[in-house]
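I opened the notebook for this model today. Here is what I looked up, entry by entry.

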Amino acid sequence: MLIAISGISGSGKNTVMNALTSKVDNIKVLKYSTATTRAPRGDNNQTYIHISKQQFEQGIKDGIFIEYELVHDNYYGTLKEAFEKVELDKYNHYIRDIDVKGVLSLKKYFKDRLKIVSIFLDAPDEVLRDRLSKRGESEEQIEKRLSRSELERSYKNHYDLIVENIDLDKTVKTIYDFIDKNSN
């Protein structure tokens, strides 16, 4: 099963993913499953392969992505090859963050071949702003990221679970319980 986590910038996608994988043995981060033109943040995030815009655009032409999107002036794309292991591995759940439009593309691409549980993380705008600020984003970057929140929230109804991530422990418990219930 693939657990796809989406949400607005600052909603805590990577924090929640890290908390889940540290508490649950059979949930693993789908490593190096996303190519992006975004510069590394220094957080040692193993879901991204950082490439140039030219390499990414060549990958689009070569058909190496399940889906891709231009977000905040950077490309992000889900690599087909990363899912070969997921489809073969029946003993683990894999988790990754993905853009709101990307979840719909994944569900369509895999249909009955791979179970996908989609989770949308949200938080009040003032919490998002505070988290982005603490992450070191400039005011311009914060405004740019939050300007997309209305679009992202408009996709909420396409998700299996919506969680307002204010308290990390409660969020992780809610998600864990949901995953446990939907593992069959």
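I began with the largest pocket, whose volume is about 670 Å³. On a 1 Å grid over the protein atoms alone, a pocket is an open set of points where a 1.4 Å probe fits, with protein on both sides within 12 Å along at least five of seven lines; lining residues have an atom within 4 Å of a point. I found 33 lining residues, and K13, N14, R41, Y48 and D97 are the closest to the centre. By class, I noted 7 nonpolar, 13 polar and 13 charged residues in this lining.

A note on the source: this is a predicted model, where local features need pLDDT of at least 70 and side-chain atom pairs pLDDT 80 or more, while totals for chains, interfaces and linings use all residues. Residues are numbered from 1 along each chain, and side-chain values use heavy atoms, without hydrogens and water.

Next I looked at α1 and α8 (residues 168-181), whose axes, lines fitted to C-alpha atoms over the stretch in contact, come within 10 Å and cross at roughly 65°. In α1, T15, V16, A19, L20 and K23 meet α8 residues including L168, V172 and I175 (contact means heavy atoms within 4.5 Å).

Last, I counted 15 salt bridges, each a side-chain nitrogen of Lys or Arg within 4 Å of a carboxyl oxygen of Asp or Glu. In one of them, D122 pairs with K156, with the closest N and O atoms 2.9 Å apart. D122 sits in strand β8 and K156 in the loop between α7 and β9, so the pair ties together parts that are 34 residues apart in sequence.

Key: Grid points are joined across faces, edges and corners, and a volume is the space filled by probe spheres set on the points. Ala, Val, Leu, Ile, Met, Phe, Trp, Tyr, Cys and Pro count as nonpolar, Asp, Glu, Lys and Arg as charged, and the others, Gly among them, as polar. Axes are lines fitted to C-alpha atoms, for helices over the stretch in contact, and angles run from 0 to 180 degrees between N-to-C directions. Helices (H or I, at least four residues) and strands (E, at least two) are DSSP runs, numbered from the N terminus.
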